[in-house]
Amino acid sequence: MALSIGIVGLPNVGKSTLFNALTKAQNAQAANYPFCTIEPNKATVAVPDARVDALSAKARPQKTIYASVDFIDIAGLVRGASKGEGLGNQFLANIRECAAIVEVVRCFEDENIAHVDGDVNPLRDIETIETELLLADLQSVEKRLEKLQKMAKGSKDAKNAAAIMQDLLAHLNEGKAARAFPLPDNEAFLTSWRELGLLTAKPVIYCANVDEAALAHGNAHVEEVRALAGQRRAGFACICAKLEEELQGLSDEEQAEMLTSYGITESGLARIIHTGYATLGLCSYFTAGPDEVRAWTIRQGWKAPQAAGVIHTDFERGFIRAEVISFEEYMKHENEAACRADGVLRVEGKDYVVRDGDVMHFLFNV
């Protein structure tokens, strides 16, 4: 399962610069005027993971495959986007399938870069973004409610679902995000809920874009955004999009040296991805051998058969057992045979809850 993250923000906040840097793809133009990005940009990038590097160095496989993240960058939002202002809400549809949304806000002063609202105020920018997302959700729910009400004339399930959808509409009209709506045990409604892909139901990561001077210790704007994220139990990351773009093309050693010079140890890419994993409750397990070392993304709490199903549905359907070595034990021993001989290779059944960093082999029969 690939993690999909939508990047939203007002014009000129560094959103497309961040996208360029994160994806190492210079196909999202960054320019000092609104609506520079006129088509949605999507790119798939590898998840940086030192454990994959270590496993690969040890196993010396023919291929090394990292977990991946899809980043989707859309045109800058402005007030009225949900009603067609600026480039309208056509772009919001492109992030409905995303698992999470990164809201990029500008937390630096620069008189040479115009702000669409005249001055730097990240909390106001967040309110603008989230109002537009909420208004777009209201439109979606209103349309679905009309459909369910028509179906309700001949279906009790549709009638019950329509009543719940009416409650959801009232909830949104109060200015509350869809993620705060208590989901009922009603399959007809839940089917509509999943199909709608409501924007305000998605987990949020607030991303404070700063200049180089504020990267290590932040500034007053950053602290405001960090506090808001804490209040809302949302993810938070502080990055310098300009620096991230400068890092591209440098060797790993040069990147590490540059990051250290700014008092940080990991790139904005790593911070956003790690925050995304934590926000969504994801983790990774690994497969390792002479042919391939690979990271697989799963949800925390998944049992061994579910984890096996990420590789292939047959693995889950015909699951027999899993052979498991912790990453730490795998790295301590010379090879897998040594792990087995030393008793640190465990055989686990279908009720085993996979742990982050497990190195696994699955036995199955179909």
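Guide: Within strand β11, Arg346 is the bridge partner of Val324. Before going further, please note that this is a predicted model, in which local features need pLDDT of at least 70 and side-chain atom pairs count only at pLDDT 80 or more, while totals for chains, interfaces and linings use all residues. Residues are numbered from 1 along each chain as its sequence is written, and side-chain values use heavy atoms, with hydrogens and water left out.

Strand β10 covers residues 319–325; strands (E, at least two residues) and helices (H or I, at least four) are DSSP runs, numbered from the N terminus. Five of the seven residues of β10 are buried, a term that means under 20% relative accessible area, whereas exposed means over 50% and partly exposed lies in between (1.4 Å probe, protein chains only).

β10 has pairing partners, and two strands are said to pair if DSSP finds at least two bridges between them. With β11 (residues 346–348), β10 runs antiparallel and is joined by three bridges. With β12 (residues 359–364), the pairing is also antiparallel, over six bridges. In that pairing, Glu323 stands opposite His361 of β12.

Arg346 counts as partly exposed because its relative accessibility is 24%.

The loop between β11 and β12 holds Asp351, and the side chain of Asp351 meets that of Lys303 in a salt bridge (3.8 Å, N to O). Lys303 lies in the loop between β9 (292–299) and α10 (304–311), so the pair ties together parts that are 48 residues apart in sequence. Why does Asp351 count as exposed? The reason is its relative accessibility of 56%. Lys303, by contrast, has a relative accessible area of 36% and is therefore partly exposed.

Another of them links Arg194 and Glu187, whose closest N and O atoms are 2.5 Å apart. Arg194 counts as exposed because its relative accessibility is 52%, and Glu187 counts as partly exposed because its value is 48%.

Methods. A salt bridge is a side-chain nitrogen of Lys or Arg within 4 Å of a carboxyl oxygen of Asp or Glu.
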